[in-house]
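Morning, everyone. I have one structure to walk through today.

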Amino acid sequence: MGELSHYDERGASRMVDVSAKEPTLRAARASGLVRMAAATLRLIQDRAAAKGDVLETARLAAIMGAKRTGDLIPLCHPLGLDSVEVDLTPSPPDAVEIVATVKVHGRTGVEMEAMTAVAVAALTIYDMCKAVDRGMTIERIRLEEKTGGARGAYRRDDAS
């Protein structure tokens with residue numbers, strides 16, 4: 001396991017200096033799940049939620065969230081992202097699966113942007129459906145894989 005890099009030798013918080021790194025293509029894929037009542041999922045699939053098309057609104061929110069990650073996470077570098085793709089897949093009887101893939105040509109990775117996209121999509125689904133289902137749960141937001149950078153590729157090795 002590597003050392004924590006967001007602290008200096010005195011223990012003070014710092015943004016990591018990436019100025020000496022060469023820009024490379026970096027990508028990250030994250031996933032998560034929103035579990036809900038089966039009737040709520042049917043509302044989403046039928047595009048019958050009172051607030052509108054839940055999945056398309058969540059997709060737009062996820063893209064916006066990824067672009068604003070540097071504003072939300074204190075020591076995250078603000079990045080000009082090259083691509084954000086968000087897949088929202090109904091998983092009957094009671095869930096929506098979320099997968100976000102983010103790419104950038106840059107000096108630092110986009111893992112936080114991918115996970116932020118998933119989190120914001122999940123929160124948007126909750127917000128749009130809470131009037132009919134306050135028991136929804138947001139589960140398992142996690143990094144699935146990342147490529148690029150000095151530390152190389154990472155891929156989650158569990159199948160769950």
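How many residues does the largest nonpolar core have, and which of them make the most contacts inside it? Keep in mind that this is a predicted model. The core has 32 residues. Those with the most contacts inside it are Met 36, Ile 44, Leu 88, Val 96, Ile 98 and Ile 125.

Where do core residues come from? At least two each are supplied by strand 1 (24-35), helix 1 (38-45), helix 2 (54-67), strand 2 (83-91), strand 3 (95-106) and helix 4 (111-129). Helix 4 gives the most, with eight residues.

As background, nonpolar side chains in soluble globular proteins tend to be buried together.

Stay with helix 4. Its 19 residues reach 28 Å from first C-alpha to last. That is close to the 27 Å expected at 1.5 Å a residue. Buried positions in helix 4 include Ala 114, Ala 117, Val 118, Ala 121, Ile 125 and Met 128. Glu 113, Thr 116 and Thr 124 are also buried there.

Last stop, Lys 103, in strand 3. Is Lys 103 buried, partly exposed or exposed? Its relative accessibility is 37%, so Lys 103 counts as partly exposed. Not counting residues up to four places away in sequence, Lys 103 touches Arg 26, Ala 27, Leu 81, Asp 82, Ser 83 and Val 110. Pro 90 is 13 residues from Lys 103 in sequence, and 25 Å away in space, C-alpha to C-alpha.

Conventions:
Residues numbered from 1 in each chain as written. Predicted model: local features only at pLDDT ≥ 70, side-chain atom pairs only at ≥ 80, totals over all residues. Heavy atoms only, no water. Core = buried A, V, L, I, M, F, W, Y, C linked by side-chain atoms within 4.5 Å. Buried < 20%, exposed > 50% of the residue type's maximum accessible area, 1.4 Å probe, protein only. Helix = DSSP H or I, 4+ residues; strand = E, 2+ residues; numbered from the N terminus. Contact = heavy atoms within 4.5 Å. Expected span 1.5 Å × (residues − 1).
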